[in-house]
Amino acid sequence: MEEIAQIMYDAGCVTAINLDGGGSTTYLSKPAGKDNITLVNRPSDGYARSVSTSLVAVSFAKSSNEFDHAIISSDYDYVTPGTTMQFNVIGVSNTGNTPPIPEGAYWRVSDTSIATIDAETGLFTAIKKGKVTVDFMIGEESTAGVEIAVVNPDALSMESDSINAIYGVPTAIPIVATYKGYPVATKPEDFFVALQYETAGTIDGLTFTANEESGYRSFMA
């Protein structure tokens, strides 16, 4: 308690409230561009525990559906050269509602020698290693921007120690690529997969199809 009080004091707080901790620590909010209140932290119990008291912050601003800015989303911040990735965008008003995107909006990247993006669809294609900024534009003004790094992964791992495959049925090989600990968007051509026994099946990109006639039931890839 003394440490928390000192942190609040150093931050310039005049009045501070300490709520219950542990599994009771639950934070919900209505993110910009969303219509519902959602749980945004990870309670230590693994789920939201019922609590008897809460601190609620509410905006009484008049609701607006006029476009104010955009929010960009993508599955990755890191991508390998030659890999494509889809960007998405939603419009946000100054009160957090989701108005339509204004006509004439388009996508742009800061350096087309490193990556390109389809101005209408937001389909991003990496070309070579480097960093670019992806902007969502209205006229000559950027309403949202994110930085994307085109890299070669520095680590590979498997999502699991083993996979179960049915003879003749294509099965995905669960390879995970990372760069400095962050996940990287990849394409099948980025990898070379070899089988312990060549006749055990076939490899197509990151898909394995087992060969029943081989008789193998367990092996390494």
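In strand 17, which residue is the bridge partner of Ala-172? The partner of Ala-172 in strand 17 is Thr-207. This is a predicted model, in which local features need pLDDT of at least 70 and side-chain atom pairs count only at pLDDT 80 or more, while totals for chains, interfaces and linings use all residues. Residues are numbered from 1 along each chain as its sequence is written, and side-chain values use heavy atoms, with hydrogens and water left out.

Strands here are DSSP runs (E, at least two residues) numbered from the N terminus, and two strands pair if DSSP finds at least two bridges between them. An open sheet of 3 strands runs in the order 13-17-16 with antiparallel pairing. Strand 13 and strand 16 stand at its edges with a single partner strand each, so one side of each is left without a neighbour in the sheet.

| Strand pair | Sense | Bridges |
|---|---|---|
| Strand 4 (residues 78–79) and strand 11 (residues 141–150) | parallel | 2 bridges |
| Strand 13 and strand 17 (residues 207–210) | antiparallel | 2 bridges |

In strand 11, Ala-149 is the bridge partner of Tyr-78.

A nonpolar core is a set of buried Ala, Val, Leu, Ile, Met, Phe, Trp, Tyr and Cys residues joined through side-chain atoms within 4.5 Å, where buried means under 20% relative accessible area (1.4 Å probe, protein chains only). The largest such core has 20 residues, and those with the most contacts (heavy atoms within 4.5 Å) inside it include Val-79, Phe-87 and Val-134. A second, separate core of 12 residues includes Ala-149 and Leu-206.

Note on methods: Helix = DSSP H or I, 4+ residues; strand = E, 2+ residues; numbered from the N terminus. Buried < 20%, exposed > 50% of the residue type's maximum accessible area, 1.4 Å probe, protein only.
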